[in-house]
Amino acid sequence: MTAPVSVVSGGSRGLGLAIVEALLVRGDRVATFSRSGSAALDALAAAHPGRLHVARLDAADLEAIRGFVADVAAAFGRIDHCVANAAVAHEGVLATMRADEIESMITVNVTGSIVLVRECVRQMLMGDSAGRTVTLISSVVADRGSPGLSVYAATKAALEGFGISLARELGPRGIRVNTVAPGFLETDLSATLSAENRDRIARRTALGRVGISGDVVGMVSFLVSPAGSFLTGQLVRVDGGC
Ligand SMILES: NC(=O)c1ccc[n+]([C@@H]2O[C@H](COP(=O)([O-])OP(=O)(O)OC[C@H]3O[C@@H](n4cnc5c(N)ncnc54)[C@H](OP(=O)(O)O)[C@@H]3O)[C@@H](O)[C@H]2O)c1
């Protein structure tokens, strides 16, 4: 049997990079995109020759996403799994947030993710779609809230609603759709958070610490595998108990 093909958006760093690496290590062929590349991604491509397809594009460019998925399908012959991970977070109180920041979060986090999933699902539905998966990366902020992150939270809540309905829509075709909501993770996305806020978040978790990408990868790998075969429409919080 040929290796499964997994698409992961935003694989140049942070959680996306960790997911790309885990799926390569388990034997998948993987395709990812981001606006910039990274040395870590180049190293993975060198370590897994012919199994990692990397593209540079902006998720706000919906036509580019369509082209990317078409290229992946042409290069690898099919798409089995889609992980919508790429996102941007502009922190700031709503009263002073610029319209372009609001628009960028909605376009990249919601529209870009939905269009990516649509394009991947179209490919999945062309063949025997049983066992295929869609995994959406949300955030605990969507239902716990955080000052300065109201628009970001809205984009993640939108993805969660999308996932529940899509799971019902695709269930009859054997495609599972789940959402993973991480708590605070030490990545570039959260690097601007003050030390005070970081400590406050760590204190609020049952485990008494903030997370790293490696804490979340196991859950994504599980969902994107036969071990998760009866799980769909689920929202899984991986947050150290916050
Ligand atoms: N870090 C946290 O505390 C945390 C907590 C909960 C949930 N999450 C979620 O986890 C996921 C990964 O976050 P992370 O912390 O790993 O973020 P990160 O380190 O900032 O990485 C984000 C990835 O997405 C890509 N990306 C961002 N904007 C893009 C765009 N317009 N077009 C194409 N690619 C784009 C980035 O590459 P380029 O910049 O080169 O484009 C990068 O590869 C996100 O969905 C985030 O909302 C994060």
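**Exercise 1. The ligand and its surroundings**

Which residue has a polar side-chain atom that lies 2.9 Å from a nitrogen atom of the ligand? Find this residue, then describe the shell around the ligand.

*Solution.* The model is a predicted one, in which local features need pLDDT of at least 70 and side-chain atom pairs count only at pLDDT 80 or more, while totals for chains, interfaces and linings use all residues. Residues are numbered from 1 along each chain as its sequence is written, and side-chain values use heavy atoms, with hydrogens and water left out.

Step 1. The residue is aspartate 58, whose polar side-chain atom lies 2.9 Å from a ligand nitrogen atom. A backbone N or O atom of alanine 59 lies 2.8 Å from a nitrogen atom of the ligand, and a backbone N or O atom of glycine 10 is 3.1 Å from one of its oxygen atoms.

Step 2. Of the 880 Å² of accessible area (Shrake-Rupley method, 1.4 Å probe) that the ligand has on its own, the protein covers 96%.

Step 3. The ligand is surrounded by 31 residues, the closest being Ser12, Arg13, Asn85, Tyr152 and Thr187; a residue belongs here if one of its heavy atoms lies within 4 Å of the ligand. By class, this shell has 14 nonpolar, 12 polar and 5 charged residues, where Asp, Glu, Lys and Arg count as charged, Ala, Val, Leu, Ile, Met, Phe, Trp, Tyr, Cys and Pro as nonpolar, and the others, Gly among them, as polar.

**Exercise 2. Helix H4**

What span should the 26 residues of helix H4 have, and where is its kink centred?

*Solution.* Step 1. Helices are DSSP runs (H or I, at least four residues), and the expected span is 1.5 Å times one less than the number of residues. Helix H4 (residues 99-124) should therefore span 38 Å, which agrees with the 36 Å between its end C-alpha atoms.

Step 2. The kink in H4 is about 30° and is centred on threonine 107, the bend being the angle between axes fitted to the seven residues ending there and the seven starting there.

**Exercise 3. Serine 213**

Is serine 213 buried or exposed, and which backbone nitrogen does its side chain reach?

*Solution.* Step 1. Serine 213 lies in helix H8 (residues 213-223). Its relative accessible area is 12%, so serine 213 is buried (under 20%, with exposed meaning over 50%, for a 1.4 Å probe and protein chains only).

Step 2. The side chain of serine 213 reaches the backbone nitrogen of leucine 15 at 3.3 Å.

How values were computed: A polar contact is a pair of N or O atoms within 3.5 Å; within protein, one must be able to donate a hydrogen and the other to accept it, and residues adjacent in sequence count only if both atoms are side-chain atoms. Helices (H or I, at least four residues) and strands (E, at least two) are DSSP runs, numbered from the N terminus.
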